[in-house]
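Let's take a friendly walk through a protein model together. Have a look at the sequence and the structure before reading on.

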Amino acid sequence: LANRLNLTESLLQPLMLLSLIWVLKSHFLSEENLENKKSTIILCILSSLSLLTKQLGVAIPLTVFIFFISKKQWANAIAIVASSTLAVGIYLTLAWNYGWEIFINSIKSYGAHANGLPELIQSIFRYPIITNRHELFPDGLILLGYILFFSAPWWLQKKDRIILYFPFTYLTLLAILESANDSNPFFYGWHLFPFFPFLAILIALAVKEVWKYGDKTQAWFIGLITMLSSVRFWLISFPEYQPKWQIILIIIFALIGLAIIIKEKIALTLIAILVLITNVMVVFNLGKIYGKRIQPKEEYVIPLQGLL
């Protein structure tokens, strides 16, 4: 049952980030290097933990395996396969201990996730939150992150694209295992939690480029997306100001536009301050913005009835 809650997706985030760190450590080392061997041991442990955390955790050992194969580090690749096989054995042992019939029924019920058609990429933009699927999400930072994520192969420097290995592998597996259209009630935003740290990394890289080279168009693009969502957050929290939303937007865009004309760094600083203030406000007004029902309940009643 824990696998059906968002805790496991949240646990995959640090496992994926730690794996990325140790993959980066191994990137410039030979297979015989002692530090590389230490990195491989740690990656074996992280891969095993990810497999025991959630089925989609297989993205981590698969990514590490592909990395070692691409580096022609065959012994390290075999070590990842061996540790992953051991983790699968532990997983099946636990299933046998708790009840093989329950385990098999839970696997069968997982077939409900295959309802509908393969529409994951479109659904990431259509249903990115875990409340009302038919309400577009108002978080501009997430939207900006997804835009940068899907366009990263075209703008991210080749030497930095190693940071895309883990999220792209996870995305590919998620696309195979999960459908996400209107006929499937089982796709919710928590499946996408492991992406969020990588979205933050890409946003940071994009802001760094604007800060360093001073591109006014890019600065305006960042301000446009983040400020639209920020204003939406404030208006949802304080509905008495909603009739004046256009005036509010004009004032904010005028301030950001003036700042961009003067200096891009000033504009980015202003945007960062406004986003930070908005995020603090959101924390204290989550009930107004996202509603009371955060996780689905009744949709899971029917599939779970056949487990016991």
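A search of the whole structure turns up 2 salt bridges. A salt bridge here is a side-chain nitrogen of Lys or Arg within 4 Å of a carboxyl oxygen of Asp or Glu. This is a predicted model, in which local features need pLDDT of at least 70 and side-chain atom pairs count only at pLDDT 80 or more, while totals for chains, interfaces and linings use all residues. Residues are numbered from 1 along each chain as its sequence is written, and side-chain values use heavy atoms, with hydrogens and water left out.

Here are the two pairs:

| Salt bridge | N to O distance |
|---|---|
| Lys159 and Asp160 | 3.4 Å |
| Lys216 and Glu264 | 3.1 Å |

Helices are DSSP runs of H or I with at least four residues, numbered from the N terminus.

How open are these residues? We call a residue buried under 20% relative accessible area, exposed over 50%, and partly exposed in between (1.4 Å probe, protein chains only). Glu264 is buried at 10%, whereas Lys216 is partly exposed at 40%. In the other pair, Lys159 is exposed at 61% and Asp160 is partly exposed at 26%.

Now find helix 9, which runs over residues 196–213. Its 18 residues reach 26 Å from first C-alpha to last, close to the expected 26 Å; the expected span is 1.5 Å times one less than the number of residues. Among the buried residues of helix 9 are Phe198, Leu202 and Val210. Their cover includes helix 1, helix 7, helix 8, helix 10 and helix 12, where contact means heavy atoms within 4.5 Å. After helix 9 comes Gly214, with a positive phi near 65 degrees.

Leaving aside residues up to four places away in sequence, Tyr170 touches Glu9, Met16 and His191, among others.

One last stop is Lys72, in the loop between helix 3 (59–70) and helix 4 (74–98). Lys72 has a positive phi, near 60 degrees. Most residues other than glycine have a negative phi. Lys72 is also exposed, with a relative accessible area of 60%.

Key
Helices (H or I, at least four residues) and strands (E, at least two) are DSSP runs, numbered from the N terminus.
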